[in-house]
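Hello,

Here is the structure I promised to pass on. Please have a look at it before reading my notes below.

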Amino acid sequence: MANRDVRLSLWSGTNFTGRRILFRRGGVAVRDLGAFRFDNVLSSFRLRNVVQSSQVTLVLFSRINFQGSFRVFRGSQNVANLGNFNFNNVTSSFILVGRNLTNVEIALIQSTGRPPRDILIIRQ
């Protein structure tokens with residue numbers, strides 16, 4: 001299962017500094033980062049699929065419940081400063097999966113407020 005191969009590290013500071021939260025698998029939807037006391041503080045992250053580097057998607061949303069503006073990151077990557085994407089200290093919810101979500105799937109998530117099936121949902 002691809003979700004077992006996904007890793008995500010979130011940092012409160014740019015350049016991978018400050019407080020860190022680590023997810024050791026994909027298939028996770030966090031409706032409100034306030035559950036981790038991490039609402040509107042995300043500044044950098046490392047995203048990877050350790051088996052198939054191209055098969056991972058992270059969608060960051062500016063509002064809780066997968067609403068508001070969003071940024072999509074596909075494939076393994078390190079983002080040292082979300083300010084380069086005009087998204088520093090903005091994230092309130094996110095979805096992480098071990099495959100490539102399409103733009104249509106992301107639009108459906110945003111319009112319904114429901115993540116894809118078979119995903120662990122973390123609420124406040």
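Is Phe73 buried or exposed at 3% relative accessibility? Phe73 counts as buried, because its relative accessibility is 3% and buried means under 20% relative accessible area, with exposed over 50% and partly exposed in between (1.4 Å probe, protein chains only).

First, some ground rules. This is a predicted model, in which local features need pLDDT of at least 70 and side-chain atom pairs count only at pLDDT 80 or more, while totals for chains, interfaces and linings use all residues. Residues are numbered from 1 along each chain as its sequence is written, and side-chain values use heavy atoms, with hydrogens and water left out.

**Strand S8**

Start with strand S8, residues 93-97. Strands here are DSSP runs (E, at least two residues), numbered from the N terminus. Five of the five residues of S8 are buried, so the strand is largely enclosed by the rest of the structure. In a regular strand the side chains alternate between the two faces of the sheet. Both faces of S8 are covered. Ser93, Ile95 and Val97 are buried on one side. Phe94 and Leu96 are buried on the other.

What does S8 pair with? Strand S3 (residues 28-30) runs antiparallel to S8, joined by three bridges. Two strands pair if DSSP finds at least two bridges between them. Ala29 has Ile95 as its bridge partner in S8. Strand S5 (residues 57-63) also pairs with S8 in the antiparallel sense, over five bridges. There, Phe61 stands opposite Ser93.

**Aromatic rings**

The whole structure holds seven aromatic pairs. Rings of Phe, Tyr and Trp (its six-membered ring) pair if their centres lie within 6.5 Å; planes under 30 degrees apart count as stacked, over 60 as edge-to-face and the rest as tilted. One of the pairs is Phe23 with Phe94, edge-to-face at 5.4 Å centre to centre, with 80° between the planes. Phe23 lies in strand S2 (residues 17-23) and Phe94 in S8, so this pair ties together parts that are 71 residues apart in sequence. Both Phe23 and Phe94 are buried.

Phe73 and Phe85 form another edge-to-face pair, 5.1 Å centre to centre and 80° between the planes. Phe73 sits in strand S6 (residues 67-74), and Phe85 in the loop between strand S7 (77-79) and S8, 12 residues apart. Phe85 counts as partly exposed, at 33% relative accessibility.

Finally, Phe23, Phe36 and Phe94 form one aromatic cluster.

Best wishes

Key: Helix = DSSP H or I, 4+ residues; strand = E, 2+ residues; numbered from the N terminus.
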